[in-house]
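Open the model in your viewer and keep the selection tool at hand. The tour goes from one selection to the next.

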Amino acid sequence: MPVLYNKDMPRNPIVSKKIKDVLQKKHLASVPQILEILEKNGEKYNKTSIYRSLEKLHEKGEICRQTFSGNESLYELRKDHHDHAICKSCKKIVAIECTHKKEEQRIPGFFIDHHHTILYGICSDCLIIKEELRKALNVS
Ligand SMILES: [Zn+2]
Ligand SMILES: [Zn+2]
Ligand SMILES: [Zn+2]
Ligand SMILES: [Zn+2]
């Protein structure tokens with residue numbers, strides 16, 4: 001008899017724990033970044049087991065997966081809800097306070113579990129560069 005993979009069986013609790021430790025310290029990490037941090041700590045895991053554990057953690061609602069720019073998925077812990085703003089120029093992502101939690105809970109016919117809101121704009125660093133560039137161009 002072949003041994004069937006039981007979906008509800010805890011996959012690898014150690015890998016999950018390690019991933020959560022990484023995400024505790026690093027806001028929004030990609031799979032390569034998670035692997036890199038673990039490797040720096042002298043822990044080597046293969047990509048597949050990382051993906052499997054991330055999938056499991058996502059199913060359990062412990063982490064969130066989001067794509068901001070390009071197509072790389074970034075992971076973060078789901079506790080302490082916040083939203084994100086992304087700079088269109090340098091692609092920097094910052095955590096911002098959520099301002100619309102209550103309104104979203106009032107959508108008829110839906111129980112809202114959680115949400116991801118992304119605000120797009122330009123960060124102050126990029127704005128300064130732009131302003132300086134504009135000034136420089138005006139002078140010449
Ligand atoms: Zn989510
Ligand atoms: Zn920027
Ligand atoms: Zn975040
Ligand atoms: Zn929010």
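In what order do the three strands of the open sheet lie? The order is β4-β3-β5, and the pairing is mixed. Helices (H or I, at least four residues) and strands (E, at least two) are DSSP runs, numbered from the N terminus. Two strands pair if DSSP finds at least two bridges between them.

Before going on, note that this is a predicted model: local features need pLDDT of at least 70, side-chain atom pairs count only at pLDDT 80 or more, and totals for chains, interfaces and linings use all residues. Residues are numbered from 1 along each chain as its sequence is written, while chains are lettered from A and ligands numbered from 1 in the order in which they are written.

Pick histidine 84, and you will find isoleucine 118 of β5 opposite.

**Helix α1 and its partners**

Next, select helix α1 (residues 13–25) and helix α3 (residues 47–59). Their axes are 9 Å apart and the angle is about 80 degrees (axes are lines fitted to C-alpha atoms, for helices over the stretch in contact, and angles run from 0 to 180 degrees between N-to-C directions). That makes α1 roughly perpendicular to α3 (angles under 35 degrees count as roughly parallel, over 145 as roughly antiparallel, 65 to 115 as roughly perpendicular and the rest as oblique). On the α1 side, show Val15, Ser16 and Ile19; on the α3 side, the contact includes Ser49, Ile50 and Leu54. Residues are in contact if their C-beta atoms, placed from the backbone, lie within 7 Å.

Lys18, Ile19 and Val22 of α1 meet Ile34, Ile37 and Leu38 of α2.

**The core**

Finally, select Val15, Ile19, Val22, Leu23, Ile34, Ile50, Leu54, Leu57, Ile63 and Tyr75, the ten residues of the largest nonpolar core. Such a core is a set of buried Ala, Val, Leu, Ile, Met, Phe, Trp, Tyr and Cys residues joined through C-beta atoms within 7 Å; buried means that 20 or more other C-beta atoms lie within 10 Å of a residue's own. Helix α1 gives the largest share, four residues. Leaving aside neighbours within four places in sequence, leucine 54 is in contact with Ile19, Ile63 and Tyr75.

Definitions and conventions
Contact = placed C-beta atoms within 7 Å. Buried ≥ 20, exposed ≤ 12 C-beta atoms within 10 Å, placed from the backbone.
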